Amino acid sequence: MAISSLCNHPIKSHTELIPALGHKPKYGNTTLATFTQDGETAWKCTNKGCNVIGVHILYRLSKVTLNNTTVTYNAKAQKPSVTVTTRDGKKLSASYYTVSYKNNTNIGTATVTITFKNGYKATTKKTFKIVAPKIAKVSIYTPKAEKKALTAKWKKISGISGYEIMTAQNAKFSKRKKTTKASSNVTSVKVNKLSSKKTYYVKVRSYKKVGTKTFYGSWSSVKKIKVK
């Protein structure tokens, strides 16, 4: 003897428990949800012998947020994640919306467009800022005077690509200016071919290369030394 089950009611025979079939809905008469109104979709079960009808409610959209509104430039496309909540305070599944990004690689303001679907009808935009990396300021020590040369010394900084050392014969760094580069793993550099018995001004700054761009920190304080 065949035993069948209605959608919500399992049937127990003398040999086994036959589970409920579960409703197989057919949807129609849909009202789309937005930021100002709930949506609803009427449905009717299509299983034979089941006459249940109902309404599926989609709570209206409440809030859209980005997990980061300020990010640091890294030469790549930045894509902060999106979170959408509905009026009942629950997180909306990403299956209900698509996300697109614009101007999200270079320093400046990027735009995120969120377009809703699958019972929702709305589009909203969010922005986030891409900022330059923060490069630490160098602490410089008093240089060592040498014959027609000087040795600049500074405190090491981590997370950078290198240092730039500038010397000149005046505090405005406009007379006999000279620039020397040093790698990130050193804390001193000797500047040669200077004029004997002359006073020199020295300053140092750090820099970091990200992709094809180079970012510089602020110059250190200025030190003065008379070479031998």
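1. Let me begin at a turn. Gly211 has a positive phi near 65 degrees and belongs to the hairpin of E17 and E18, where 2 residues lie between the strands. Do keep in mind that this is a predicted model.

2. Strand E18 covers residues 213–216 and pairs with E17 in the antiparallel sense, over 4 bridges. Within this pairing, Lys209 has Thr214 of E18 as its bridge partner.

3. Which other strands does E17 pair with? Strand E14 (residues 162–168) runs antiparallel to E17, and 7 bridges join them. Here Thr167 sits opposite Val202 of E17. Strand E19 (residues 223–226) also pairs with E17, again in the antiparallel sense and over 4 bridges. In that case the bridge partner of Tyr201 is Lys224 in E19.

4. Buried means under 20% relative accessible area and exposed means over 50%, so Lys129, at 46% relative accessibility, counts as partly exposed.

5. What surrounds Lys129? Leaving aside neighbours within four places in sequence, Lys129 is in contact with Thr69, Thr70, Val71, Gly108 and Thr109. Its C-alpha atom is separated by 7.5 Å from that of Ile107, a residue 22 residues apart from Lys129 along the chain.

Technical notes. Residues are numbered from 1 along each chain as its sequence is written. This is a predicted model: local features need pLDDT of at least 70, side-chain atom pairs count only at pLDDT 80 or more; totals for chains, interfaces and linings use all residues. Side-chain values use heavy atoms; hydrogens and water are left out. Two strands pair if DSSP finds at least two bridges between them. Buried means under 20% relative accessible area, exposed over 50%, partly exposed in between (1.4 Å probe, protein chains only). Contact means heavy atoms within 4.5 Å.
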